[in-house]
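Subject: Structure handover

Hello,

Here is the structure I promised to pass on. Please open it next to this message.

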Amino acid sequence: FTDRPVMTQVLPRDKLVGVLHQHILKNYQGKIDMEYKKEVTPMDFDNEGSSSVKIGVSDCATDFLRDTPSNVGMQNLAE
């Protein structure tokens, strides 16, 4: 991306997940339920004519499971 007038900065996905996980635990405990080892699939980007996105949630296949914040010791960082 060297031809752009603005320098592009990329936040690695794992870091973003960790930051969001900590923020949710600290600011929304009891208001947002987090589930792990799930796969989210967009189903409809114009759900019922609105700007909402309809998603499907299913269990991850065991060969695609990765470490989640809960199983690498991050669950206590927001306390």
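Below is what turned up, going from the overall layout to the helix, the charged residues and the nonpolar surface.

**Overall layout**

Please keep in mind that this is a predicted model. The chain has 79 residues, and 9% of them count as buried. Its secondary structure amounts to 1 helix and 2 strands. Along the sequence the order is α-β-β. Now the contacts. Taking those with a separation of 6 or more, 32% are between residues 24 or more positions apart.

**The helix**

H1 covers residues 13-27, which is 15 residues. From first C-alpha to last it reaches 21 Å, close to the 21 Å expected at 1.5 Å a residue. Which residues of H1 are buried? They are Gly18, His21, Ile24 and Leu25. Viewed down the axis of H1, the buried residues fall within an arc of 135 degrees, so they line one face of the helix. Lys15 and Lys26 are exposed, and they sit on the face of H1 turned away from its buried side.

**The charged residues**

How many salt bridges does a search of the whole structure find? The search gives 2. Lys38 takes part in a salt bridge with Glu35, where the closest N and O atoms are 3.8 Å apart. Lys38 also meets Asp59 in a salt bridge, at 2.6 Å from N to O. Through shared partners, the salt bridges join Glu35, Lys38 and Asp59 into one network.

Glu35 has 57% relative accessibility, so Glu35 counts as exposed. Asp59 has 54%, so Asp59 counts as exposed too.

**The nonpolar surface**

There is a nonpolar surface patch of about 490 Å². Val40, Phe45, Val53, Ile55 and Val57 make it. Take a look at Phe45 in particular. Where is Phe45? Phe45 lies in the loop between E1 and E2. Why does Phe45 count as exposed? Its relative accessibility is 62%, and exposed means over 50%.

Phe45 has contacts as well. Leaving out residues up to four places away in sequence, Phe45 touches Ser50, Ser52 and Val53. Val53 is also one of the residues in the patch. Ile55, another patch member, is 10 residues from Phe45 along the chain, and their C-alpha atoms are separated by 8.7 Å.

**In brief**

- H1, with its buried residues lining one face and with Lys15 and Lys26 on the face turned away from the buried side.
- The nonpolar patch, with Phe45 in the loop between E1 and E2.

Best regards

Terms used:
Residues are numbered from 1 along each chain as its sequence is written. This is a predicted model: local features need pLDDT of at least 70, side-chain atom pairs count only at pLDDT 80 or more; totals for chains, interfaces and linings use all residues. Side-chain values use heavy atoms; hydrogens and water are left out. A salt bridge is a side-chain nitrogen of Lys or Arg within 4 Å of a carboxyl oxygen of Asp or Glu. Buried means under 20% relative accessible area, exposed over 50%, partly exposed in between (1.4 Å probe, protein chains only). Helices (H or I, at least four residues) and strands (E, at least two) are DSSP runs, numbered from the N terminus. Contact means heavy atoms within 4.5 Å. Patches are made of residues with over 30% relative accessible area and no salt bridge: like charges are joined within 9 Å, nonpolar side chains (Val, Leu, Ile, Met, Phe, Trp, Tyr) within 5 Å. Accessible areas come from the Shrake-Rupley method with a 1.4 Å probe; for residues, only the protein chains shown count as cover. The expected span of a helix is 1.5 Å times one less than its number of residues. The arc is that of the directions from the helix axis to the C-beta atoms.
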